[in-house]
Amino acid sequence: MIRQFELVEKLKEYDPNTDEDMLNRAYVYSMKVHGAQKRASGDPYFSHPLEVAGILADLGLDCFSIVTALLHDTVEDTGTSIDDIEEMFGAEVAKLVDGVTKLSKLELQSEATKQAENFRKLLLAMSSDIRVILVKLADRLHNMRTLHHIKDITRRRRIARETMEIYVPLTERMGIHNLKDELEDLAFANLNPEARDSIANRLKFLKRNREDTVVEIIDKLKSTMDEADLSCEISGREKTPFSIWRKMQKNNITFEQLADVMAFRIVVKSVPECYQTLGIIHNQYLVVPHRFKDYISTPKPNKYQSLHTAIIGPQNHRIEIQIRTQEMHHIAEIGIAAHWKYKQEDGGIAHEGKQYAWLRGLLEILEQAADPEEFLENTKLEMFQDQVFCFTPKGELIGLPRGATAIDFAYAVHSEIGDKTIGAIINKKQMPLRTILKNGDQVEVLTSKKQNPSPTWERFVVTGKARSRIRRFIRSQRREQFCDLGRSLAVKVFKQANVSYSEKVLQSVLKKYKAQSVDDLFAMVGEGLVSAESILSSVYPNHDQQQVVNESILENKEKPKKSPMSIKGLIPGMAVHYAGCCHPLPGDSIVGIIVTGRGVTVHISDCEVITQFNQPERLLDLSWEEEISEKHVGRLQMTFLNQKGSLANVTATVSKHNGNIVNLKITNRATDFWDIYIDVEVESVEHLNNIVAALRTVSIINAVYRD
Ligand code: MN
């Protein structure tokens, strides 16, 4: 176990300005609160945070990270609160400890291994700071090192699998190869102990036989380099059992066939020297075909740079060679963690080479970012910033674009579920469907067989899947309405003309209108694409159409629903209807549609019926008279919690604001929420908007909008 002064010395070595006092206080505090707690190994619990701190010190992380490591389990496992941490160690440490604690809680939920990829992204997205993830990785590494102390083999394997599927790829993506190799090997040892043991034993045997071989090869390579007058450092290493195992699996070869279990690394001073070295090696030895890779000109996404090649080396051993500079080597070993080191060494400006632009970028962001969010936005983690990940009650992870709501979630789970959604419980609390989801939210979707998609949902969904399902439903519903309207128009026109009507007689003209069915034809009439009169004259070509139109206007004139007096631009004598789809009110900009046989229907000018209407000759520009004394009816849709007195609360609020409810309909009565619409008599749009605003302040009401 690393001792207190050793840890402090280690930090001071790479950061002379380290906050020694804070380190010491964190050490003492953690030891005190973990007290008599024990690890599975029987060691005092405190040895764990201390080892985690040691791992991070080896990576050269800053003092805040080390202090966080010492304290990382205090909130989860002792009585300490984040506020306590903040009081003792300041806001930055508190923020980091809080981040690590959140990840630990999240970890408990990770069960579905199929979701490893999403879970990794979630971990990254939830780490407000790269250091949080680094502490978590070091934590995992120490837990893996001590995993053999856990007796329960099923649990051990579960943890190992999680490590292999979640943490190994994370370390790889962050370029921290030191951690990656060790985590991978430890996980391998627990997942497939037989395979690992046999490879390790074989390696041990080979090593005995060729201890000298490695040294000899290094010597040979070294003298080749000396001849070219290039100074370098050469090291030889064995591949890890896991990487050998993977290669054996991938290439369907046995261990004996696997020649290059040895890899050598040549570290030189500059990029030109890397290529020079490559030339020398290729010139001197036989090159194994198809093995050369240039990761210097094309670095890996995690910034790894190196030249890779394989040769038939000294003593006819097939060996792998990596050529790189010191800096590349450093990044290869500790990846993203490297930038703290560079920061301390040279204030981040010494490494002016283009290849370090990303490091400098990270440092600058770290120093200048106003908050962790901004830092996160700008670092490598940004690739997950446009997504959120939420859990189903069973722990399945659903990935959604940022801004997605509970409705999007429901559709992502299943289209049928989306269609039937009536409510959402987010983190055990009932929330409106339009709630924007956050990372890690647990969402339970409530459904009802009676529910149908609401057109208003379209306003707050962001996923294409949800939107297209909702639209599809609206389209089919609108068709139904058009169909009904068309049928009644046709019946009426035929009746007025005093000719016999049946759906059968219409069959004869279907072709003429390119309609598939009678319903299709009705829908065309309802939508205004075809007039009922035109159908009448198609069926009975000798009929006098003009007469019908006049009669129908006269008929309507006798009992107009509303006084036309408050609207300018009408044709005198024509009946006026207010459209049921948009319920226009004084103050709205309005347009009329002349519907033969019905008079004028008044719509709000951006009502969908208007924007999709393609017969401009039937449109009337209308406006409201300035002085309007009469009341108009507006329609409000709302959703409220089904509680005792809810409905009374709604009506009381409306009348308190001088609205007169003339009609009320419950459109969806689920056990939790009710959807209703009310028709309210108001003076103007402004008046209605006041009422909407007032209703939105009522706590039981989830949503109110003008229909
Ligand atoms: Mn821990």
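Is Cys232 counted as buried or exposed? In this predicted model, Cys232 counts as buried, with a relative accessibility of 11%. Cys607 is likewise assigned to the buried residues, its relative accessible area being 9%. For both residues the assignment follows because a residue is called buried when its relative accessible area is under 20%.

The cysteines were also examined for disulfides. A disulfide is a covalent bond between the sulfur atoms of two cysteines. For Cys607, the closest cysteine sulfur belongs to Cys581, at a distance of 3.6 Å. This separation is too far for a bond, because a disulfide is assigned to a pair of cysteine sulfur atoms within 2.5 Å. For the structure, the count of disulfides comes to 0.

The chain as a whole comprises 707 residues, of which 50% are buried. Its secondary structure consists of 27 helices and 20 strands. Among the contacts with a separation of 6 or more, 64% are accounted for by residues 24 or more positions apart. The accessible surface of the chain comes to about 34,500 Å², and carbon and sulfur atoms contribute 49% of this surface.

A manganese ion is present in the model, and its protein donors are His48 (NE2), His72 (NE2), Asp73 (OD) and Asp139 (OD). These donors lie 2.2 to 2.3 Å from the manganese ion. Along the sequence, the donor residues follow the spacing H-x23-H-D-x65-D. The relative accessible area of His48 is 0%, and that of Asp73 is 8%. His48 is therefore buried, and Asp73 is buried as well.

A further link between separate parts of the chain involves Pro314. This residue is placed in the loop between strand S5 (307–312) and strand S6 (318–325). Pro314 has a relative accessible area of 7% and is therefore buried. When neighbours within four places in sequence are left aside, the residues in contact with Pro314 are Ile217, Lys220, Tyr285 and Ile319.

How values were computed. Residues numbered from 1 in each chain as written. Predicted model: local features only at pLDDT ≥ 70, side-chain atom pairs only at ≥ 80, totals over all residues. Heavy atoms only, no water. Donors = N, O, S within 2.8 Å, 3.2 Å for Na, K, Ca; no water. Buried < 20%, exposed > 50% of the residue type's maximum accessible area, 1.4 Å probe, protein only. Helix = DSSP H or I, 4+ residues; strand = E, 2+ residues; numbered from the N terminus. Contact = heavy atoms within 4.5 Å. Areas by Shrake-Rupley, 256 points an atom, 1.4 Å probe, with all protein chains shown as cover.
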